[in-house]
Amino acid sequence: MSINKDSLPSVDQLFKDFEHPNPNINRSACICMKELYPQESISKLIRNLDTKDVDLRRKSVICLSYFGEEVFLPISNLFYSTNNNITRVSCLKVFIKLASFSKDYQSREDLFDLIKIAIEDNSYEMILTAISLLRQLENKSIPFLKKLCRDNNMLKAKASITAISELNDTSILSFLNELAEDDSLDKFIREAAIDAISLKK
């Protein structure tokens with residue numbers, strides 16, 4: 001049966017639905033964007049990643065994740081091409097959503113390269129979002145997180161301890177014990193490790 005193209009919603013109509021307060025209408029609009037107007041929709045959604053409208057930015061992050069692998073390259077390129085922290089954090093949040101949908105992202109070296117740049121930023125939001133992405137990448141991120149747990153930046157260290165303690169790996173408990181007993185580390189890092197150990201038992 002042929003599809004009547006005249007009956008299909010326009011991309012402008014879909015973006016009106018996308019901005020509707022009802023999340024079910026948003027979701028339907030995103031699915032239709034992916035099916036009917038992928039490239040045009042991706043371009044429009046990416047332009048929302050630096051908006052000061054937090055709700056629109058959040059919706060755009062969620063919607064972009066629906067496009068899967070198709071958005072990986074443009075989002076990566078955007079991250080590398082801008083110094084705007086709002087945009088960069090939004091890019092990381094798209095990757096968090098993508099990783100939650102697909103395990104394929106857990107071994108991507110190009111994603112880890114991007115995280116290495118993000119984690120060097122002094123912005124607390126960038127640091128916490130990058131570590132949340134590492135947490136979403138699960139066991140592939142453990143070596144990276146172990147290194148960050150010993151970082152001189154207290155935020156990076158404590159957030160990494162929390163993230164790694166939530167992962168399931170036989171090496172984690174012994175690693176946390178090492179941190180807790182390492183007198184060369186700041187006492188707040190050791191205390192964070194002790195707290196994490198108590199939650200693992």
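**View 1. One disulfide, joining Cys30 and Cys63.** By the rule that two cysteine sulfur atoms must lie within 2.5 Å, the count comes to one disulfide. Cys30 and Cys63 form this disulfide, with their sulfur atoms 2.4 Å apart. Cys30 sits in helix α2 (residues 23-36) and Cys63 in helix α4 (residues 54-65), so the pair ties together parts that are 33 residues apart in sequence. Helices here are DSSP runs of H or I with at least four residues, numbered from the N terminus. The torsion about the S-S bond of Cys30 and Cys63 is about -135°, so the disulfide is left-handed. Both cysteines are buried, a word that stands for under 20% relative accessible area, with exposed meaning over 50% and partly exposed in between (1.4 Å probe, protein chains only).

A note on the model before we move on: it is predicted, so local features need pLDDT of at least 70 and side-chain atom pairs count only at pLDDT 80 or more, while totals for chains, interfaces and linings use all residues. Residues are numbered from 1 along each chain as its sequence is written, and side-chain values use heavy atoms, with hydrogens and water left out.

**View 2. Cys32 and Cys149, two further cysteines.** Cys32 counts as partly exposed, at 28% relative accessibility. For contrast, turn to Cys149, which counts as buried at 0% relative accessibility.

View 3. A nonpolar core is a set of buried Ala, Val, Leu, Ile, Met, Phe, Trp, Tyr and Cys residues joined through side-chain atoms within 4.5 Å. The largest one has 65 residues, and Phe18, Met33, Leu64 and Ile75 touch the most other members. Helix α6 (residues 85-101) gives the largest share of this core, eight residues. Pick out Ile75 and you will find it touching Ile46, Leu49, Leu64, Cys91, Val94 and Phe95, not counting residues up to four places away in sequence; contact means heavy atoms within 4.5 Å.

**View 4. Asn26, a buried residue of helix α2.** Asn26 has its place in helix α2 and is buried, with a relative accessible area of 9%. Its side chain reaches the backbone oxygen of Phe18 at 2.8 Å. Leaving aside neighbours within four places in sequence, Asn26 is in contact with Asp17, Phe18, Glu19, His20 and Lys59.

**View 5. Two of the aromatic pairs.** Rings of Phe, Tyr and Trp (its six-membered ring) pair if their centres lie within 6.5 Å, and planes under 30 degrees apart count as stacked, over 60 as edge-to-face and the rest as tilted. The count comes to four aromatic pairs. One of them is the tilted pair of Phe72 and Phe95, at 5.1 Å centre to centre with 50° between the planes. Phe72 lies in helix α5 (residues 72-81) and Phe95 in helix α6, so this pair ties together parts that are 23 residues apart in sequence. Phe95 is buried, with a relative accessible area of 1%. Phe112 and Phe144 form another tilted pair, 6.5 Å centre to centre with 35° between the planes.

**View 6. The buried face of helix α11.** In helix α11 (residues 172-181), the buried residues are Ile172, Phe175, Leu176, Leu179 and Ala180. Seen down the axis of α11, they fall within an arc of 140°, so they line one face of the helix; the arc is that of the directions from the helix axis to the C-beta atoms. Their cover includes α9 (142-148), α10 (154-165) and α12 (187-200).

Definitions and conventions:
Helices (H or I, at least four residues) and strands (E, at least two) are DSSP runs, numbered from the N terminus. A polar contact is a pair of N or O atoms within 3.5 Å; within protein, one must be able to donate a hydrogen and the other to accept it, and residues adjacent in sequence count only if both atoms are side-chain atoms.
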